[in-house]
Amino acid sequence: QPQQQQLLSELEADPKLVYHCGLSPRRLPELVENNPTVATETLLRLMSSAHITEYLQMLVNMPMSLHSMEVVNRLTTAVEL
């Protein structure tokens, strides 16, 4: 929990950090399952990225789980459609 909070604080302080953390669309499902809060915050910071479509496609194509639904729900409430 403290590590998660520190990471979220770092992302808040430096939104471009998300581009340097090594997360690829292929690895997104693993992050979603292991830490949906960090996955959501990461995706929110990638919304202006040229590659956001790839990340979102991975999210919607991954097996449905409580965590994947949580991430989708948080994204839809946080992003203006």
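# Helix contacts and a pocket

In α1, Q4, L7, L8, L11 and E12 meet T37, V38, E41, T42 and R45 of α3 (heavy atoms within 4.5 Å). The model is predicted, with pLDDT of at least 70 for local features and 80 or more for side-chain atom pairs, while totals for chains, interfaces and linings use all residues. Numbering starts from 1 along each chain, and side-chain values use heavy atoms, without hydrogens and water.

**Exercise 1.** State how many helices and strands the protein chain has, and its pattern.

*Solution.* Start with the count: 5 helices and 0 strands (DSSP runs of at least four H or I residues, or at least two E). Now read along the sequence: α-α-α-α-α. Last, the C-alpha atoms fill a box of roughly 30 × 30 × 25 Å along the principal axes.

**Exercise 2.** Describe how α1 packs on α3.

*Solution.* Take the geometry: the angle is about 5° and the axes lie 10 Å apart (lines fitted to C-alpha atoms over the stretch in contact; N-to-C angles, 0 to 180 degrees). Therefore α1 runs roughly parallel to α3 (under 35 degrees). Then sort the contact residues: 4 are nonpolar, 3 polar and 3 charged (Asp, Glu, Lys and Arg are charged; Ala, Val, Leu, Ile, Met, Phe, Trp, Tyr, Cys and Pro nonpolar; others polar).

**Exercise 3.** Find what lines the largest pocket.

*Solution.* List the lining: L7, L11, L17, C21, G22, L23, R27, E30, L31, V38 and T42. Next, the elements: α1 (2–13), α2 (28–34) and α3 (36–46) each give two or more residues to this lining. Sort by class: 7 nonpolar, 2 polar and 2 charged residues line the largest pocket. A pocket is an open set of 1 Å grid points fitting a 1.4 Å probe, with protein on both sides within 12 Å along at least five of seven lines; lining residues have an atom within 4 Å of a point.

How values were computed:
Parallel < 35°, antiparallel > 145°, perpendicular 65-115°, else oblique.
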